Amino acid sequence: MAVSHIAFPDLVALLEAIFVRFGTSRQVAAILADNCARCERDGAKSHGVFRMKGYTDSLATGWVDGRAEPVLEEAAAGFLRVDAQNGFAQPALALGRDVLIEKTRANGIALLAIRNSHHLSALWPDLEPFAEQGFIALSTVNSFACTVPHGGQSAVFGTNPIAFAAPTRSGEPVVFDMATSSMANGDVQIAAREGNQLPAGAGVDSNGNPTTDPSAVLNGGALLPFGGHKGSSISMMIELLSAALTGGNYSFEFDWSGHPGAATPLTGQLIILIDAARAGGAPFGVRAETLIDEMASAGVKRFPGQHRFAARKRSDAEGIALGVDDLNWLEALAAD
Ligand code: NDP
């Protein structure tokens, strides 16, 4: 496959033009384009430009409002809510971000509960900047029913990611971000597109039988939670936090059948922020590095986040590697 390299600001500008062309406000376009380009830059391919079709299809069918103006509500001293008004989750977070930080500094902890929102991206771009500012951050998002709870027969949960970010004293923040299904839906779609099989235990077909065929999972089948009953309980918690607590939909509650092609789940997102400066004992960042050093001494060579940070350095030095076909496709989308 022929590859070309594009500078980060150029990719952001290209994606921004596409979002605007598909009807978003300039502000929403800027936020989403930055988010999507950051995923591509960091090698998070399942949430990079690959997702542009999902974004544009959802916008074109009128399923998501690209011009929505989110509304911020203060439920308690440390409990903020944002009604995304059927818009994307990231602009809702952008609206609440500064107040969330202010409340966290004042109270030591605060949360932002976003509802009526569409999240089609990875979670780490939402959290990593908080850790860079000295906060510990945890976020959950539910998605659309495509994962069978442990012991069940049909899909109830989404792929339901959970992400965590924490500062270190001097190095990159500690960040992990993972689906609680056996794998992310984007990776199933990529496997189907590229003709690859899924790992054993990833999903079931439409008859509930185990399968490694991505098309069988996507067409009437379902994913399984990671880690059997344990992963299933974490996924259940994510439904409760992202939907019941925020006031958003569970993954099985919204009906997008009137918008064929829509790809952005209409659910909710929870973000919990803790002020690491309030930690007892030695500074949190120092203690975080003690743990990392001990893990390294135990032989750990690969830490969560490391893969992305390495890809980021590469992209910053050489430009973001994009397939020429993908680049042509994006340019056509922006120009049509
Ligand atoms: P992965 O399984 O690829 O990675 C999960 C985490 O584990 C990452 O932090 C990763 O770090 C780390 N990791 C991976 N391999 C290793 C290893 N060998 N040793 C140590 N750490 C490792 O992620 P998923 O496929 O589960 O999820 C991918 C993305 O999909 C996430 O960003 C998630 O937010 C997103 N998603 C979004 C949804 C939505 O509705 N918006 C729904 C479901 C998923 P690193 O980053 O360095 O690779």
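Q: Which element gives the most to the lining of the largest cavity?
A: Rolling a probe the size of a water molecule over the atoms shows where empty space is left. Here strand 3 gives the most to the lining of the largest cavity, 3 residues; strands (E, at least two residues) and helices (H or I, at least four) are DSSP runs, numbered from the N terminus. This is a predicted model, in which local features need pLDDT of at least 70 and side-chain atom pairs count only at pLDDT 80 or more, while totals for chains, interfaces and linings use all residues. Residues are numbered from 1 along each chain as its sequence is written, and side-chain values use heavy atoms, with hydrogens and water left out.

Q: How many cavities of 30 Å³ or more does the structure hold, and what lines the largest?
A: On a 1 Å grid over the protein atoms alone, a cavity is a set of points where a 1.4 Å probe fits but cannot get out; a pocket is an open set with protein on both sides within 12 Å along at least five of seven lines; lining residues have an atom within 4 Å of a point. The structure holds 1 cavity of 30 Å³ or more. The largest cavity has about 40 Å³ of space, a volume being the space filled by probe spheres set on points joined across faces, edges and corners. Its lining includes Val-28, Asp-65, Phe-88 and Pro-91. Strand 3 (79–88) and helix 4 (89–107) are the elements giving two or more residues to that lining.

Q: How does the lining of the largest cavity divide by class?
A: It has 7 nonpolar, 2 polar and 1 charged residues, where Ala, Val, Leu, Ile, Met, Phe, Trp, Tyr, Cys and Pro count as nonpolar, Asp, Glu, Lys and Arg as charged, and the others, Gly among them, as polar.

Q: Which residues lie nearest the centre of the second largest pocket?
A: They are Thr-168, Pro-173, Val-174, Ile-292 and Phe-303, out of 17 lining residues. About 410 Å³ of space lies in this pocket. Helix 9 gives the most to its lining, with 6 residues, and the lining holds 12 nonpolar, 3 polar and 2 charged residues.

Q: Where does the ligand lie relative to domain 1 and domain 2?
A: Domain 1 (1–60 + 305–336) and domain 2 (68–177 + 226–304) both give residues to the shell around the ligand, so the ligand lies between them. In all, 21 residues surround the ligand, with His-47, Ser-121, Asp-177, Ala-179 and Gly-305 the closest.

Q: Which backbone atom lies 2.8 Å from a ligand oxygen?
A: A backbone N or O atom of Ala-179 does. For Gln-306, a backbone N or O atom is 3.3 Å from an oxygen atom of the ligand.

Note on methods: A residue is near a molecule or strand if one of its heavy atoms lies within 4 Å of it. A polar contact is a pair of N or O atoms within 3.5 Å; within protein, one must be able to donate a hydrogen and the other to accept it, and residues adjacent in sequence count only if both atoms are side-chain atoms. Domain bounds come from an automatic or database domain assignment.
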